[in-house]
Amino acid sequence: MEQLYYENLLQKNNSGSEESEKMWDQRAAHFYEAQKNDRSTFTREVVDVLKRRGMLEKAEILDIGGGSGRYALPLSKEAKHVTLTDISTNMLTLAKEHAEQNGVKNISFEKLVWEKANLADLKWEKKFDVTFASMCPAIRTPEGLYKMADASKGYCVINQYIHNTDSLSRFLREKAELPQGYNPHNDREAVQSIFNLLWLKGYDVELHYLRSKDRYILSREDIEVQYAFVLESIREDRGLDTSRLLSQYAERDGYHITEESVLAMIMWKVSA
C-alpha cells in the first residue's frame, strides 16, 4: 500500500511520452538558447560533487533524457564515455552540434523512450558505472525509475529542483493573473516519492542539496529567450501585450532579476 501511494505520487504530473516528444521537439531551440545563457553554477557544482566522490574517473555514464547536452558535455570531460538518450530528435540534433562545436568525441547519442526501452535488447543491463538523470520526465514513472538501477553496476543520480523562483516570473504571473499550475522546478513531492520508493527497495539513499541566490541584469533579448514559455502563456492564455508588461518592470539599464533555487541530488549505490 505504501509503495503504491508513492508510485502514484511520482507519476501524477506525467504527461506521457507521445505528448512529451512533440513538446520537446517544438521547444528544443528555445530550450537550447536558454541553456547557453544560463547563469546558474549548478551544472558545474553537480559534476564537482560526483567527481569528489570518485564516481566519474574512467566511468561509463548513461545520461537519461539528457536534452541538448547540458550535463553530458561537462561529464564527458571527466568520464571515459557518456551515452546521452532523449525522446526528442531536435534535442539530440542540438546535442550533437554542441558536442562537435566543442570537439567532444566520447559521447554517443540514442533516441529512445526510456520507460519503454528494453535493456536486454540494448545490452545495457548493468552496463554503466553511473546512470544519471536531471529534471527528466522519463524517470517520473516507476518503470523509468527502477530501470535506472537495472542499467547501473555502480551508482544512480537524479537531479530535481525543489525550489526555483525569480522576481520577474512572479511579477508577470501576478500582472497577468496566471494560475500557479504545476511547475517541475518547484516539486518537493518528486523527491519525496523517489526517496521513499528507493528506501522501500532497500537502497541507502543519500540527499545532497545545492542552493543559490543570484542577482543579475538581463537585456530585452535575454528576456525573450529565457522567459519564452511564460511570455507565450501570457499571450496565448490571457491575450495580453507582453511588451507592455515588460516595460512596466524594466529599469533604465535593463531587467533586474533576483532568483532563488534549491536543487536536490538523489544518489544511491546499486552494487556493494
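Q: Which residues lie nearest the centre of the second largest pocket?
A: This is a predicted model, in which local features need pLDDT of at least 70 and side-chain atom pairs count only at pLDDT 80 or more, while totals for chains, interfaces and linings use all residues. Residues are numbered from 1 along each chain as its sequence is written, and side-chain values use heavy atoms, with hydrogens and water left out. A pocket is an open set of points on a 1 Å grid over the protein atoms alone where a 1.4 Å probe fits, with protein on both sides within 12 Å along at least five of seven lines, and lining residues have an atom within 4 Å of a point. The lining here has 13 residues, and those nearest the centre are Thr-43, Arg-70, Leu-73, Pro-74 and His-98.

Q: How do the residues of the lining of the second largest pocket divide by class?
A: Ala, Val, Leu, Ile, Met, Phe, Trp, Tyr, Cys and Pro count as nonpolar, Asp, Glu, Lys and Arg as charged, and the others, Gly among them, as polar. Helices α2 (17-36) and α4 (72-76) each supply at least two residues of this lining. The division is 3 nonpolar, 6 polar and 4 charged.

Q: At roughly what angle do the axes of α1 and α7 cross?
A: Helices are DSSP runs (H or I, at least four residues) numbered from the N terminus. Axes are lines fitted to C-alpha atoms over the stretch in contact, and angles run from 0 to 180 degrees between N-to-C directions. Angles of 65 to 115 degrees count as roughly perpendicular, those under 35 as roughly parallel, those over 145 as roughly antiparallel and the rest as oblique. The axes of α1 (residues 2-10) and α7 (residues 142-151) come within 9 Å, and their crossing angle is roughly 105°.

Q: Which residues of α7 meet α1?
A: Contact means heavy atoms within 4.5 Å. On the α1 side the residues are Gln-3, Glu-7 and Leu-10, and on the α7 side they are Pro-142, Leu-145 and Tyr-146.

Q: Which residues of α12 make the contact with α8?
A: The axes of α8 (residues 167-176) and α12 (residues 242-249) come within 11 Å and cross at roughly 130°, so α8 is oblique to α12. Ser-167, Leu-168, Phe-171, Leu-172 and Lys-175 of α8 face Leu-245, Leu-246, Gln-248 and Tyr-249 of α12.
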